[in-house]
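Subject: Structure handover, with notes on pockets and salt bridges

Dear colleague,

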Amino acid sequence: MQIFKMLKSFTYARQGFVKLLRSENNFQFHFLAAILVTVAGLYFRLTALEWLAVFTAIALVFSAEAFNTAIEKLADRISTEREEALADIKDVAAAGVLIVAILALVIGLSIFGPKVFQLIMNKS
């Protein structure tokens with residue numbers, strides 16, 4: 001019986017992912033960025049450790065976006081009026097996404113920057 005419960009939870013998680021992808025602009029942006037980074041990683045033949053860093057960054061950004069969206073939807077459900085405390089909660093959740101996105105950018109630049117630079121230098 002536990003296996004069916006677990007499979008059902010995966011179904012809910014997949015539905016949540018699809019909802020994020022269909023309805024959240026920021027998640028769509030991050031998803032497109034993840035696809036482009038993955039293609040670039042294949043082109044540059046990343047090492048296993050580089051893939052680990054890239055996929056960890058992608059997962060962190062996706063997770064932060066999911067948590068932020070959940071918090072925003074919950075706050076909007078609590079009150080449709082602009083309340084200072086709820087606005088602060090939403091702002092802090094958004095800041096969490098920004099922090100993780102900056103980390104992902106730093107990871108991406110540290111991995112792809114030298115490779116792009118080398119590519120440019122070899123073509124000159």
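Predicted model: local features only at pLDDT ≥ 70, side-chain atom pairs only at ≥ 80, totals over all residues.

Residues are numbered from 1 along each chain as its sequence is written, and side-chain values use heavy atoms, with hydrogens and water left out.

The structure holds three salt bridges (a side-chain nitrogen of Lys or Arg within 4 Å of a carboxyl oxygen of Asp or Glu). In one of them, K115 and E50 meet at 3.2 Å, N to O, and this pair links distant parts of the chain, with K115 in helix α4 and E50 in helix α3, 65 residues apart. Helices here are DSSP runs (H or I, at least four residues), numbered from the N terminus. E50 counts as buried because its relative accessibility is 18%, whereas K115, at 22%, counts as partly exposed; buried means under 20% relative accessible area, exposed over 50%, and partly exposed in between, with a 1.4 Å probe and protein chains only.

The side chains of K73 and E24 form another salt bridge, at 3.9 Å, N to O. K73 lies in helix α3 and E24 in the loop between α1 and α2, so the pair ties together parts that are 49 residues apart in sequence. D76 and K90 also meet in a salt bridge, at 2.6 Å, N to O.

Turning to the pockets, the largest has a volume of about 420 Å³, and of the 21 residues that line it, the closest to its centre are A33, V37, A101, A104 and L105. A pocket is an open set of points on a 1 Å grid over the protein atoms alone, where a 1.4 Å probe fits and protein lies on both sides within 12 Å along at least five of seven lines; lining residues have an atom within 4 Å of a point. A volume is the space filled by probe spheres set on the points, which are joined across faces, edges and corners. Helix α4 gives the most to this lining of the largest pocket, with nine residues.

The second largest pocket holds about 170 Å³ of space, and among its 13 lining residues N26, H30, E65, N68 and V97 lie nearest its centre.

With best wishes

Methods
Helix = DSSP H or I, 4+ residues; strand = E, 2+ residues; numbered from the N terminus.
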